[in-house]
Amino acid sequence: MSDVPESHPRYVSLKLRDKIVAGVESGVTSIHGLMAHGRGEAFDYLIGEKTQTFAIDAIHVGAATLLLAEHPVISVNGNVAALMPDELVALSNVLEAPLEVNIFHASRERERAIRAHLNQHGAVDVLMPAAEAQLSFIDSNRKFVHPEGIFRADVVFVPLEDGDRCEALQKMGKTVVTVDLNPLSRTAKAAGVTIVDNVVRALPLLIQEIQALQDSPKGILQEITSQYSNSKTLQAATQWICRER
Ligand code: PTJ
């Protein structure tokens, strides 16, 4: 870890970089994760490094969607595991949804390192990809899933994705709730609900929103989801980024 002084104007951002670097060093995060993080940083800069209203609205809908799910599953890759292990476990507990390791850059060792990392942060059971359950419409390593996890899920929470699997999951009739700082990405466009925000800000807010909505009648949750348009959210985020300041 670098010794960034708290007084540094980019303290928060630099600490996040430290987390990703630590993730790479401990075998949790792929080396490619550094580039993905940098791309995220650039978009975060453009949205003012704050959770904007388009994200707050999507978090509200994402929470309702996850609460309505019969079999929600939380997909975990090397970046989100390094950044937010405690919050992933908290989300899994509040939703009573399993965490499932699913990575793009194939590595058995890294899958095991992610599981061990989640276990160290309190996860009891972490589902792992299995050869016998494969997603359709996708050729990458992400096609291998757990038969009782993503394979059977009706709603999958997929923070920080690379696009292909999100499209495949949607084609298979599953709903994807994602967090992606880039409103132009394939994931953002293919998902049912896209939270355009940094996962480090969005995840605590999503957990709070799920707690706030969890005793709501099904009809109220259905009303929340039925009024949502993901393309309008992406349009709002893109307009926000492009507007003159
Ligand atoms: O662990 P693996 O092998 O599954 O690999 C994970 C990464 C993220 C490396 C892999 O999925 C990948 O290459 O993703 P992409 O195609 O770079 O897409 C990542 C998306 O997440 C981009 O649209 C980024 O803008 C966005 N992003 C990066 N960091 C954050 C983020 N979105 C929200 N919060 C972030 N902190």
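## Close-up views of a predicted model

**Figure 1. The second largest pocket.** Around the second largest pocket sit 14 lining residues, and Arg-10, Val-12, Ser-13, Asp-44 and Glu-49 are the ones nearest its centre. Keep in mind for this view and the others that the model is predicted. The volume of this second largest pocket comes to about 210 Å³. Where does the lining come from? Helix 1 (11-25), helix 2 and helix 9 (199-213) each put in at least two residues. Sorted by class, the lining of the second largest pocket has 5 nonpolar, 3 polar and 6 charged residues.

Figure 2. Side chains of opposite charge can pair when their charged atoms come close. How many salt bridges does a search of the whole structure find? The search turns up 11.

**Figure 3. The largest pocket.** This view moves to the largest pocket, with a volume of about 680 Å³. Rolling a probe the size of a water molecule over the atoms shows where empty space is left. Here the lining is made up of 33 residues, with Ala-36, Arg-39, Leu-160, Glu-161 and Asp-162 lying nearest the centre. Helix 2 (32-46), helix 4 (78-83) and helix 8 each bring at least two residues to this lining. Which helix gives the most? That would be helix 2, with 9 residues. By class, the largest pocket's lining splits into 10 nonpolar, 14 polar and 9 charged residues.

**Figure 4. Glu-161 and its two arginine partners.** Glu-161 is one of the residues nearest the centre of the largest pocket. One of its salt bridges is with Arg-142, where the closest N and O atoms are 3.7 Å apart. Arg-142 belongs to the loop between strand 3 (126-127) and strand 4 (155-159), while Glu-161 belongs to the loop between strand 4 and helix 7 (164-171), so this pair ties together parts that are 19 residues apart in sequence. Glu-161 also forms a salt bridge with Arg-165, and there the closest N and O atoms are 2.8 Å apart. Are these residues buried or exposed? Arg-142 is buried, at a relative accessible area of 3%. Glu-161 is buried as well, at 11%, and Arg-165 counts as buried with 0% relative accessibility.

**Figure 5. A salt bridge between two helices.** Arg-186 and Asp-164 meet through their side chains in a salt bridge of 2.6 Å, N to O. Since Arg-186 lies in helix 8 (residues 186-190) and Asp-164 in helix 7, the pair ties together parts that are 22 residues apart in sequence. Arg-186 is partly exposed, with a relative accessible area of 42%. Asp-164 is partly exposed too, at 31%.

**Figure 6. Lys-189 and its contacts.** Staying with helix 8, this view picks out Lys-189. Lys-189 is exposed, with a relative accessible area of 56%. Which residues does Lys-189 touch? Leaving aside residues up to four places away in sequence, they are Pro-183, Leu-184, Asn-230 and Leu-234. As for Phe-151, 38 residues from Lys-189 along the chain, the C-alpha atoms of the two are separated by 22 Å.

**Figure 7. Two nonpolar cores.** In soluble globular proteins, nonpolar side chains tend to be buried together. The largest nonpolar core in this model holds 60 residues, and Val-76, Leu-91, Phe-157 and Leu-206 touch the most other members. Take Leu-206: not counting residues up to four places away in sequence, it touches Ile-59, Gly-62, Ala-63, Leu-66, Leu-91 and Phe-157. There is also a second, separate core of 15 residues, with Ala-133, Leu-135, Cys-166 and Ala-168 among them.

**Figure 8. Two loop residues with positive phi.** Phe-137 has a phi near 65°, a positive value in a residue other than glycine. Phe-137 sits in the loop between strand 3 and strand 4, and at 53% relative accessibility it counts as exposed. For Leu-160, phi is near 60°, again a positive value in a residue other than glycine. Leu-160 is found in the loop between strand 4 and helix 7, and with 25% relative accessibility it counts as partly exposed.

Terms used. Residues are numbered from 1 along each chain as its sequence is written. This is a predicted model: local features need pLDDT of at least 70, side-chain atom pairs count only at pLDDT 80 or more; totals for chains, interfaces and linings use all residues. Side-chain values use heavy atoms; hydrogens and water are left out. A salt bridge is a side-chain nitrogen of Lys or Arg within 4 Å of a carboxyl oxygen of Asp or Glu. Helices (H or I, at least four residues) and strands (E, at least two) are DSSP runs, numbered from the N terminus. Buried means under 20% relative accessible area, exposed over 50%, partly exposed in between (1.4 Å probe, protein chains only). On a 1 Å grid over the protein atoms alone, a cavity is a set of points where a 1.4 Å probe fits but cannot get out, and a pocket is an open set with protein on both sides within 12 Å along at least five of seven lines; lining residues have an atom within 4 Å of a point. Grid points are joined across faces, edges and corners, and a volume is the space filled by probe spheres set on the points. Ala, Val, Leu, Ile, Met, Phe, Trp, Tyr, Cys and Pro count as nonpolar, Asp, Glu, Lys and Arg as charged, and the others, Gly among them, as polar. A nonpolar core is a set of buried Ala, Val, Leu, Ile, Met, Phe, Trp, Tyr and Cys residues joined through side-chain atoms within 4.5 Å. Contact means heavy atoms within 4.5 Å.
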